[in-house]
Amino acid sequence: MLSHLEVIKALQFVIRRANLPFIVTNGFSPRMKISFGNALSLGIESTTEAFDLYLYEYINEKKLLKKLQDCDVNGLDIMDCYYVDLDEPSLGSQKDINNYVADIEYSSYKIPEFVELKKKKCVADYLKEFNVANNKIFFTLAPGLSPEPFLKAVFKDIKINKIQKL
């Protein structure tokens, strides 16, 4: 288990070890130009994390992936890489929707008309998709929301065993 900052440091280590031609930011404290998505809430696991790395020299995607995989850290596997158009927003600036799966035990559930999270709003403002099967719930939340308070508001007498971001 690694925290968001530990993943960032480990990936920067892998990139430096692979001797990739990464771009360095300008300014008083130059850093590797790399962008990550939003950090996960405390206690939430992730099956996949993505990052944008800016290079000043083109390297074939297969060769780039091989270099990263040869230098990756145990338990942190680089699965894929591809080039993104420069007009695309960086991962850090995207307001994407978060998909989760939770292993839960519950007695009953009913999606209420309102859920009190941050401000009292309609569930439809938060929830994009919801599916319960075999004590596993697959759901999609708008960005900036933590899944645990949402589940506790929707389910009565819930026991959350595990939550993963997909």
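## Close-ups of a predicted model

**View 1. Helix α2 and its buried side.** In α2, the buried residues are Leu-64, Leu-65, Leu-68 and Cys-71. Here a helix is a DSSP run of H or I with at least four residues, a strand is a run of E with at least two, and both are numbered from the N terminus. Buried stands for under 20% relative accessible area, exposed for over 50%, and partly exposed for what lies in between (1.4 Å probe, protein chains only). Looking down the axis of α2, the buried residues sit within an arc of 140 degrees, so they line one face of the helix. That arc is taken from the directions that run from the helix axis to the C-beta atoms. Lys-62, Lys-63 and Asp-70 are exposed on the other side of α2. The buried residues of α2 pack against α1, where contact means heavy atoms within 4.5 Å.

A word on the source: this is a predicted model, in which local features need pLDDT of at least 70 and side-chain atom pairs count only at pLDDT 80 or more, while totals for chains, interfaces and linings use all residues. Residues are numbered from 1 along each chain as its sequence is written, and side-chain values use heavy atoms, with hydrogens and water left out.

**View 2. The largest nonpolar core.** This core holds 21 residues, and Leu-11, Ile-15, Leu-20, Leu-64 and Leu-68 have the most contacts inside it. Two or more of its residues come from each of α1 (4-17), β1 (34-36) and α2 (61-71). The biggest share, six residues, is given by α1. For the record, a nonpolar core is a set of buried Ala, Val, Leu, Ile, Met, Phe, Trp, Tyr and Cys residues joined through side-chain atoms within 4.5 Å. Zoom in on Leu-11 and you find Phe-36, Phe-51, Leu-76 and Ile-78 touching it, not counting residues up to four places away in sequence. Another core lies apart from this one, with 13 residues, among them Ile-44, Leu-141, Leu-151 and Ile-158.

View 3. Setting aside neighbours within four places in sequence, Gln-12 is in contact with Met-32 and Ile-34.

**View 4. Helix α4 from its buried residues.** Pro-147, Phe-150, Leu-151 and Val-154 are the buried residues of helix α4 (residues 147-154). Around the axis they cover an arc of only 95 degrees, which puts them on the same side of α4.

**View 5. Strand β4 and its two partners.** Strand β4 (residues 98-105) pairs with strand β9 (residues 136-141) in the antiparallel sense, over six bridges. Two strands pair if DSSP finds at least two bridges between them. Thr-140 in β9 is the residue opposite Asn-99. β4 also runs antiparallel to strand β11 (residues 159-165), again joined by six bridges. There, Tyr-100 has Lys-165 of β11 as its bridge partner.

**View 6. Confidence along the chain.** The protein chain averages a pLDDT of 78, and 75% of the residues score at least 70. pLDDT is the predictor's confidence in each residue, from 0 to 100. Confidence is highest in α2, at 92, and lowest in strand β7 (residues 119-122), at a mean of 54. Where pLDDT is low, the predicted coordinates should not be read in detail.
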